[in-house]
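Subject: Structure for you to look at

Hello,

I am passing on the structure we spoke about. Please have it open while you read the notes that follow.

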Amino acid sequence: MTRHRSLALTLLIALLPLNAVALEVVATLPDLGALARAVGGADAKVTVLASHRQDPHYVDPRPSLMLPLRSAQLLVVNGLQLEQGWLPPLIRGARNPRVQVGTQGYLDASFFVQRLQVPTARVSRAMGDVHPGGNPHFTHDPRQGARIATALGQRMAQLDPAHAKGYLARAKALATRLNALASRQRARFAKLPAAKRKVVSYHRSLTYLYACLGLTEVTTVEPRPGIPPSPGHTAKVLTTMRQTGARVIAQESFYPRRVSQTLARLAKGRVVVLPGGAGPKETYEARVMRGVEALHAALAR
Ligand SMILES: [Zn+2]
């Protein structure tokens with residue numbers, strides 16, 4: 001009898017972690033999902049809405065994306081209007097009061113980062129797809145990733161107090177690693193000759209990464225955010241590349257490459273394709289390093 005009881009107890013304990021209810025987290029974008037996975041550990045189940053191959057400005061709000069939102073306890077969004085074209089109908093359709101804007105279950109990552117390129121003049125349509133609150137592409141910068149990790153740890157601890165210690169410890173360790181990574185890479189890029197620390201981007205989405213690494217963006221292939229390059233603008237980009245000596249055009253995998261490749265050929269430079277976000281099984285750190293290595297290799301050549 002006693003033996004049976006202890007066996008039953010052993011079995012129960014062995015099964016417990018499987019049955020323990022994990023905090024249900026939904027992240028809009030892959031980088032936010034990777035950060036949430038690292039902070040959540042085994043205590044959270046994280047679903048990501050957009051793929052790392054998708055341009056985060058334009059995601060198809062298909063109804064299947066509503067499903068994970070229905071039962072979510074925490075929704076992590078980028079903010080600064082990056083998801084404004086597709087997220088609001090999903091949140092409305094999910095009818096889950098726990099993750100509505102302004103609730104504890106809604107975490108806007110942009111509240112926790114150091115924003116860049118906040119427009120000082122009033123934003124008009126003529127300026128292109130400019131975000132009035134500032135440039136929304138901050139997850140490329142591991143220092144901003146560290147801030148988001150810290151915010152995630154605190155919010156998860158509030159929502160799931162039983163596992164608070166774990167969330168806070170993982171967040172702290174991750175933030176420390178990310179800040180160390182940023183310092184190491186900044187020092188490494190500083191060793192490149194000044195002439196090689198100049199970059200052209202396709203979209204104005206790598207600003208935070210350049211700020212982290214001490215690089216200068218001389219111009220963008222897009223004349224204004226979200227506006228495709230015209231022949232006139234392309235000619236200006238080429239002139240700028242020749243005048244400044246910038247030879248590397250950097251862009252995420254989901255932006256068109258034809259114009260960039262033509263420019264690179266004419267300026268005797270190269271196009272470097274950076275990850276648009278963490279892959280489904282990739283850590284945020286690995287994803288950041290994948291981009292940093294590609295950029296360093298292109299600039300050092
Ligand atoms: Zn953008």
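In helix 4 (residues 87-94), the buried residues are L87, L90, I91 and A94. Helices here are DSSP runs of H or I with at least four residues, strands are runs of E with at least two, and both are numbered from the N terminus. Buried means that 20 or more other C-beta atoms lie within 10 Å of a residue's own; exposed means 12 or fewer, partly exposed is in between, and C-beta atoms are placed from the backbone. The four residues cover an arc of only 95° around the axis, so they lie on the same side of helix 4. The arc is taken from the directions that run from the helix axis to the C-beta atoms. P88 and R92, on the other side of helix 4, are exposed. The buried residues of this helix pack against helix 3 (66-70) and strand 3 (74-77). R95 follows helix 4 and has a positive phi, near 45°.

Please note that this is a predicted model: local features need pLDDT of at least 70, side-chain atom pairs count only at pLDDT 80 or more, and totals for chains, interfaces and linings use all residues. Residues are numbered from 1 along each chain as its sequence is written.

For the protein chain as a whole, the secondary structure comes to ten helices and eight strands. Of its 301 residues, 44% are buried. Its C-alpha atoms fill a box of roughly 85 × 40 × 30 Å along the principal axes.

Four strands form an open sheet in the order 6-5-7-8, with parallel pairing; two strands pair if DSSP finds at least two bridges between them. Strand 6 (216-220) and strand 8 (270-274) are at the edges with a single partner strand each, so one side of each has no neighbour in the sheet. Strand 5 (residues 198-201) and strand 7 (residues 248-252) are joined by three bridges, and V199 has V248 as its bridge partner in strand 7. Helix 10 (residues 284-300) packs on the sheet and touches strand 7 and strand 8; its direction makes about 170° with that of strand 8. Such angles run from 0 to 180 degrees between N-to-C directions, with axes fitted to C-alpha atoms, for helices over the stretch in contact.

Lastly, A264 is found in helix 9 (residues 258-266). A264 is partly exposed, because 19 other C-beta atoms lie within 10 Å. Leaving aside neighbours within four places in sequence, A264 is in contact (C-beta atoms, placed from the backbone, within 7 Å) with I249, G269, R270 and V271.

Regards

Key
Contact = placed C-beta atoms within 7 Å.
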